[in-house]
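Here's a quick walk through the model below. Have the sequence and the 3D view open as you read.

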Amino acid sequence: MRVLAHSYVCPNGTFLNGKLIFDTKAEENPLKFTYQQLGTEYPKFYKMDVLSKMAFIGTELLLPFFPESLDTENDLQLLFANASSSQHTDNQFVDSYEKLHNPSPSLFVYTLPNIVTGELCIRYKWYGENCFFIEKQFNAKNYVEWAQMGFNKGNTLCLCGWIEAKTTGEQECFLFLLSPSRETQTSTETELSTLIKQYRNE
């Protein structure tokens with residue numbers, strides 16, 4: 001399989017295929033700023049949690065790389081993962097009833113990590129399979145193996161994502177499109193591992 005395109009969203013900037021698209025180091029609200037720069041009209045964005053906002057932005061950048069003939073019910077699958085689940089929103093929700101004594105329904109909605117893939121499916125009318133896994137760390141091999149299972153069943157495109165929003169302030173969203181090809185799974189794993197390290201400046 002091969003990597004068709006990739007995006008990366010973090011507090012310092014938004015990137016597409018390794019190139020800086022929006023510099024947000026000086027922005028008070030990087031995600032809001034980036035959304036406004038995209039020029040996309042989707043008011044629900046402002047109600048989303050951090051994970052969903054990052055995934056939305058990263059996906060918007062990748063849309064031009066989706067095949068025009070894509071059957072979104074039978075050809076496309078979504079595979080996402082992180083290490084902290086919905087920790088960022090979970091803690092906000094706990095505060096809403098422990099400190100403010102007013103449990104917030106708008107926060108409760110996002111206390112599951114797979115809401116991220118749900119938001120994308122609603123926005124883009126994607127009807128295929130989607131999964132959200134909890135992993136200790138980014139594992140390229142797992143993505144490649146999961147995607148290959150979908151390709152074996154007839155899928156032709158896989159949108160993958162490693163997306164984190166921790167209470168410690170760490171935020172990142174690494175999205176990438178995979179498609180079947182003659183390239184080996186090992187080479188794809190190596191490419192993905194290299195890409196995320198480059199985005200992280202590791």
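## A covered helix and its core

Helix α2 is mostly covered, with 13 of its 13 residues buried (buried is under 20% relative accessible area, exposed is over 50%, and partly exposed is in between, using a 1.4 Å probe and protein chains only). Helices (H or I, at least four residues) and strands (E, at least two) are DSSP runs, numbered from the N terminus.

A word on the model: it is predicted, so local features need pLDDT of at least 70 and side-chain atom pairs count only at pLDDT 80 or more, while totals for chains, interfaces and linings use all residues. Residues are numbered from 1 along each chain as its sequence is written, and side-chain values use heavy atoms, leaving out hydrogens and water.

Does the length of α2 agree or disagree with expectation? Its 13 residues (50-62) should span 18 Å at 1.5 Å a residue, and the end C-alpha atoms are 19 Å apart, which agrees. The expected span is 1.5 Å times one less than the number of residues.

The largest nonpolar core has 34 residues, and Met 54, Phe 80, Trp 126, Leu 159 and Ile 163 have the most contacts inside it. Its largest share, eight residues, comes from α2. A nonpolar core here is a set of buried Ala, Val, Leu, Ile, Met, Phe, Trp, Tyr and Cys residues joined through side-chain atoms within 4.5 Å. Not counting residues up to four places away in sequence, Trp 126 touches Thr 59, Leu 63 and Phe 66, among others (contact means heavy atoms within 4.5 Å).

## The largest pocket

The largest pocket has a volume of about 210 Å³. On a 1 Å grid over the protein atoms alone, a pocket is an open set of points where a 1.4 Å probe fits, with protein on both sides within 12 Å along at least five of seven lines; lining residues have an atom within 4 Å of a point. The volume is the space filled by probe spheres set on the points, which are joined across faces, edges and corners.

The lining has 13 residues, with Phe 15, Gln 198, Tyr 199, Arg 200 and Asn 201 nearest the centre. Helix α7 gives the largest share, four residues.

Most residues other than glycine have a negative phi. Here are two that go the other way:
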